[in-house]
Structure formats: structure tokens, C-alpha cells
Amino acid sequence: MFSVEVRDRIMIGHSLPDPFFGPAQNMHGATFVVDVAFFRETLNRQNVVVDIGAALDVLGKTLKPLNYQNLDALPQFAGVLTTTEFLCKHIFDAMAAAAKSGALGADGTGLAKIRVTLHETDLARASYESALA
């Protein structure tokens, strides 16, 4: 399977109010490096997986509403534990919708799967990966 990966980053603030999270229950900040990998079985007519420029553009637009925000204050996350894993799925959903709508170019609809990885540090990261219908 072929893949192409693009990268961006976001800075957020949030809390994780559950004793499970120890000191992270309190407000804290995080800078995430965000990688999105696109997969397909065969290359398109231009011998690429997806238009990298379009992928970077869609990723930037997806992350912009989160960047420099307190996630606890955003209505779409009210009452949600905005863990790294949760954010991976949130970003995946936006990228999958972009692929299906053609925002990644005409060949975005031919993608087999997408993987979103958020790097919290050089020592810890989380991912969400799924096939596209």
C-alpha cells in the first residue's frame, strides 16, 4: 500500500477533570505535532497518493479552530475529556469528510484509509486509523 504523510502543529490548553489523569486534571497546555497519513492501494493517474498541497491546506483549515484555544471553553467539546486519542479521532473525522467531499482533490475519494497521529512529546504519541468506506 502506498502512503503520503503531511504534518502541522497546534498549541492548545485544556484540563482533564478525572482523577485518572492526576496532575493533568488541572488546566495545562500542550503543543501537538500532527501527522496525517493517507493510504491507497494503487497510485492515481499522476502516480501520487493524494495532492500534498491540498492535504496540507485541509489539515491547516482543520486545525485552525483549535490552535491557541482553551478546548474546555469550546462548545463542541463541552463535557468531553479532550485526550490526545480523542483529538486524533476528531481530526480524522474532518480529514475523512474532506476526502469524501473532494476537498483533497478528485482522487481523494480513492483513498483506502487515513491515520492521524498526535505527538505530545518525542516520547509519547497517540493515533487513530481507519479505512474509508
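1. Asn47 sits in the loop between β2 and α1; helices (H or I, at least four residues) and strands (E, at least two) are DSSP runs numbered from the N terminus. Asn47 has a positive phi of about 60° although it is not a glycine. With a relative accessible area of 57%, Asn47 is exposed; buried means under 20% relative accessible area, exposed over 50%, and partly exposed in between (1.4 Å probe, protein chains only).

2. On the basis of the note: this is a predicted model, in which local features need pLDDT of at least 70 and side-chain atom pairs count only at pLDDT 80 or more, while totals for chains, interfaces and linings use all residues. Residues are numbered from 1 along each chain as its sequence is written, and side-chain values use heavy atoms, with hydrogens and water left out.

3. Tyr68 is another residue other than glycine with a positive phi, near 60°. Tyr68 belongs to the loop between α1 and β3. Its relative accessibility is 61%, so Tyr68 counts as exposed.

4. The sheet is open and has five strands in the order β3-β1-β2-β4-β5, with mixed pairing; two strands pair if DSSP finds at least two bridges between them. β3 (69–70) and β5 (125–131) are the edge strands, each pairing on one side only.

5. Strand by strand, β1 and β3 run parallel and are joined by two bridges, with Gln69 in β3 as the bridge partner of Ile12. β1 and β2 run antiparallel with 13 bridges, and Val6 stands opposite Val36 in β2. β2 and β4 are antiparallel and share seven bridges; Phe38 has Ile114 in β4 as its bridge partner. Seven bridges also join β4 to β5, again antiparallel, and Arg115 is partnered by Glu129 in β5. The hairpin joining β4 to β5 passes through five residues.

6. Which strands does α1 touch where it packs on the sheet? They are β1 and β2, and the direction of α1 makes about 20° with that of β1. Helix α2 lies across β2, β4 and β5 and runs at about 145° to β4. Axes here are lines fitted to C-alpha atoms, for helices over the stretch in contact, and angles run from 0 to 180 degrees between N-to-C directions.

7. The largest nonpolar core has 34 residues, of which Val34, Val36, Phe38, Leu104, Ile114 and Val116 touch the most other members. Such a core is a set of buried Ala, Val, Leu, Ile, Met, Phe, Trp, Tyr and Cys residues joined through side-chain atoms within 4.5 Å. At least two residues of this core come from each of β1 (2–14), β2 (28–40), α1 (52–63), α2 and β4 (113–119). α2 gives the largest share, eight residues.

8. Leaving aside neighbours within four places in sequence, Leu104 is in contact (heavy atoms within 4.5 Å) with Phe38, Val50, Asp51, Ala54, Ala55, Val58, Met95, Ala98, Ala99 and Leu111.

9. Ala97 is found in helix α2 (residues 84–101). Ala97 counts as partly exposed, at 42% relative accessibility. The C-alpha atoms of Ala97 and Thr109 are separated by 9.8 Å, the two residues being twelve apart along the chain.

10. A search of the whole structure gives three aromatic pairs. Rings of Phe, Tyr and Trp (its six-membered ring) pair if their centres lie within 6.5 Å; planes under 30 degrees apart count as stacked, over 60 as edge-to-face and the rest as tilted. One of the pairs is Phe77 and Phe86, with ring centres 5.6 Å apart and planes at 85°, so the pair is edge-to-face. Phe77 is buried at a relative accessible area of 3%, whereas Phe86 is partly exposed at 29%.

11. Phe92 and Tyr128 also form an edge-to-face pair, because their centres are 4.9 Å apart and their planes are at 70°. Phe92 lies in helix α2 and Tyr128 in strand β5, so this pair ties together parts that are 36 residues apart in sequence. Phe92 is buried, with a relative accessible area of 5%; Tyr128, at 27%, is partly exposed.

12. Lys113 lies over the face of Phe39, at 4.7 Å from the ring centre. A charge sits over a ring if NZ of Lys or CZ of Arg is within 6 Å of the ring centre and within 35 degrees of the ring normal.
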